[in-house]
Amino acid sequence: MAYDDLREWLAALEKAGEVKRISAEVDPVLEVAEITDRVSKWGARNGRGPGGPALLFENVKGHAGHKILINQFGSERRMNLALESNSLDEIAGRIRQMMEMKSPQGLLEKIKMLPKLADLGSLFPKRVSSGPCKEVIRRDSFSLLDFPILQCWPQDAGRFITLPCVMTRDPRTGKRNIGMYRMQVYDATSTGMHWQRHKNAAEHQRERMRAAAAGAETLGKTASVDIMARSGGGSIAIQGKTVGGKMEVAVAIGTDPAVTFSAIVPAPPEIEEYMIAGFLRGKPVEVVRCETVDLEVPASAEIVLEGTVDIGELRTEGPFGDHTGFYSLEDLYPVFHVQCITHRKNPIYATTIVGKPPQEDAWMALAVERIFLPAAKMTIPELVDFHLPPEGVAHNLMILSIRKSYPGQARKVMNAIWSLGQAMFTKCIVVVDEDCDVHDLREVTLRALNNIDPERDIQFTLGPVDSLDHASRLPNFGSKMGIDATRKWPTEGFHRPWPDEVEMSAQMKEQVARRWKEFGLE
Ligand SMILES: Cc1cc2nc3c(=O)[nH]c(=O)nc-3n(C[C@H](O)[C@H](O)[C@H](O)COP(=O)(O)O)c2cc1C
Ligand SMILES: [Mn+2]
């Protein structure tokens with residue numbers, strides 16, 4: 001029973017007692033962010049707390065008639081509700097089953113396969129002729145400033161759209177991508193487009209740049225292009241030739257939770273997010289053609305922005321208080337020119353804030369972590385479990401437990417992570433043996449620090465780093481480190497005896513448990 005739109009999802013949140021309506025007037029500049037930050041951190045202990053409720057602000061200063069929904073994913077319970085599962089591991093289980101699918105042997109196996117085939121049937125989005133997102137169509141007179149877009153932090157460069165599903169098309173394959181990339185509002189009709197250079201939409205842009213410059217002699221051959229390479233005046237030049245041309249972009253704001261979530265999933269470019277959303281919700285996503293661009297958007301989206309990015313244009317974006325807990329500073333990014341807005345009547349503006357963890361995105365990241373485990377195990381078979389604590393802000397810290405079978409294996413696993421999609425950004429990897437619970441940070445700290453001789457067990461490497469890393473030697477390029485905290489073997493040159501961990505005998509634990517009341521300690 002998938003949610004067909006944001007409103008069905010909101011109704012489910014109300015029914016579950018997971019949303020609080022706020023009728024007092026609030027200012028979209030800083031005030032909504034301060035309220036939401038406090039609520040996100042309710043009960044936060046050891047990183048993630050239970051997280052406070054989702055918030056529906058019904059009375060936004062300067063935006064009569066507009067509502068803001070925020071913190072919709074901000075707890076483990078809501079993340080499960082959003083993806084309609086009892087636990088995130090249950091979803092991981094469904095994915096594992098699908099990946100393990102082999103040709104069935106007997107009738108019973110064939111019957112068992114039916115639900116999995118149904119899962120596959122729901123993958124492909126369904127084209128419909130119209131939908132609620134077309135209730136109001138505005139081509140000539142519209143303004144982004146009408147929407148209750150937040151300024152989140154004092155040093156932010158302005159208002160930012162923070163929960164947009166940005167759709168682009170790969171010019172080579174025609175495949176659609178959805179990515180969540182924040183958008184700084186410059187004026188009534190233009191915004192920044194913060195797709196970092198490693199992301200799929202940036203590659204779509206680069207493909208167009210290569211094509212635009214293809215006539216220019218050597219480019220077709222080398223085609224090494226950095227879309228945000230500075231070249232005086234904010235324009236982009238490839239081998240001295242300024243490139244131009246438009247790239248169509250559509251942005252959906254306020255979609256059903258599976259679509260919104262799919263936009264942050266670090267899936268390989270071959271997989272369309274619409275298929276991920278369809279799989280998660282067990283029902284195809286209904287999509288409708290845009291009015292002015294050759295793209296499709298979820299038919300039930302609250303707000304759709306249509307327009308273009310000029311592939312040769314860059315503009316200063318930021319600063320923006322980011323999910324690292326620091327501001328991401330000014331930098332040059334592409335510009336989105338809006339040419340048409342369609343929306344539902346009385347649209348609900350869905351948004352989020354990022355800042356010091358834990359906040360809403362910590363729960364989205366937890367879901368990504370759980371859901372990706374089966375896929376990561378396909379590439380790294382010795383992987384038992386992994387965890388990215390919220391304070392590691394996704395790219396700074398990953399803890400992995402492995403079943404070690406040969407010398408040097410922890411380092412092999414580090415290298416695998418550093419070459420696995422967006423996990424390439426991981427600044428610090430900690431590898432422990434399989435009997436260590438990676439979610440128990442106390443246990444990890446104890447093991448990781450006891451088990452290493454730092455000079456011997458730390459592996460450094462160089463490569464791409466997250467665009468948000470403000471400490472790396474260069475933007476987007478720097479060093480990373482892996483800590484091999486597994487037990488060291490003689491075959492790894494360790495010839496000292498390795499001690500056992502301190503633990504009481506099972507017999508004595510049982511005896512004390514049995515007699516516990518006698519001691520009057522509780
Ligand atoms: C709330 C939120 C905001 C995000 N903002 C950005 C952003 O501004 N730029 C960016 O490149 N990635 C951002 N991300 C991460 C991307 O959405 C994520 O890397 C996603 O996998 C990108 O999609 P793609 O792989 O199709 O490019 C954000 C994620 C979340 C949860
Ligand atoms: Mn993608």
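How many of the nine residues of strand 21 (residues 335-343) are buried? Seven of them are, so strand 21 is largely enclosed by the rest of the structure; buried here means under 20% relative accessible area, with exposed meaning over 50% and partly exposed in between, for a 1.4 Å probe and protein chains only. This is a predicted model, in which local features need pLDDT of at least 70 and side-chain atom pairs count only at pLDDT 80 or more, while totals for chains, interfaces and linings use all residues. Residues are numbered from 1 along each chain as its sequence is written, chains are lettered from A and ligands numbered from 1 in the order in which they are written, and side-chain values use heavy atoms, with hydrogens and water left out.

**Strands and their pairing**

- Strands (E, at least two residues) and helices (H or I, at least four) are DSSP runs numbered from the N terminus, and two strands pair if DSSP finds at least two bridges between them.
- Strand 21 runs antiparallel to strand 16 (residues 303-310), to which seven bridges join it, and in this pairing Ile 303 stands opposite His 343.
- Strand 5 (residues 136-138) is also joined to strand 21, by three bridges in the antiparallel sense, with Ile 137 having Thr 342 as its bridge partner.
- Strand 10 (residues 190-192) pairs with strand 21 over three bridges, again antiparallel, and here Ser 190 faces His 337.
- Strand 16 is joined to strand 13 as well, through eight antiparallel bridges, and strand 13 (residues 246-253) is itself mostly covered, since six of its eight residues are buried.
- Strand 7 (residues 165-169) pairs antiparallel with strand 13 over three bridges; Ala 252 of strand 13 stands opposite Cys 165 and has Val 304 as its bridge partner in strand 16.

**Nonpolar cores**

- The largest nonpolar core has 56 residues, and those with the most contacts inside it include Leu 69, Met 167, Phe 261 and Val 297; such a core is a set of buried Ala, Val, Leu, Ile, Met, Phe, Trp, Tyr and Cys residues joined through side-chain atoms within 4.5 Å.
- Helix 10 (residues 360-379) gives the most to this core, with six residues.
- Leaving aside its neighbours within four places in sequence, Phe 261 is in contact (heavy atoms within 4.5 Å) with residues including Phe 73, Leu 280, Met 364 and Ile 371.

**Cysteines**

- The structure holds zero disulfides, a disulfide being a pair of cysteine sulfur atoms within 2.5 Å.
- For Cys 340 the nearest cysteine sulfur, that of Cys 290, is 8.2 Å away, and Cys 340 counts as buried at 0% relative accessibility.
- For Cys 436 the nearest cysteine sulfur, that of Cys 428, is 14 Å away, and Cys 436 counts as buried at 3% relative accessibility.
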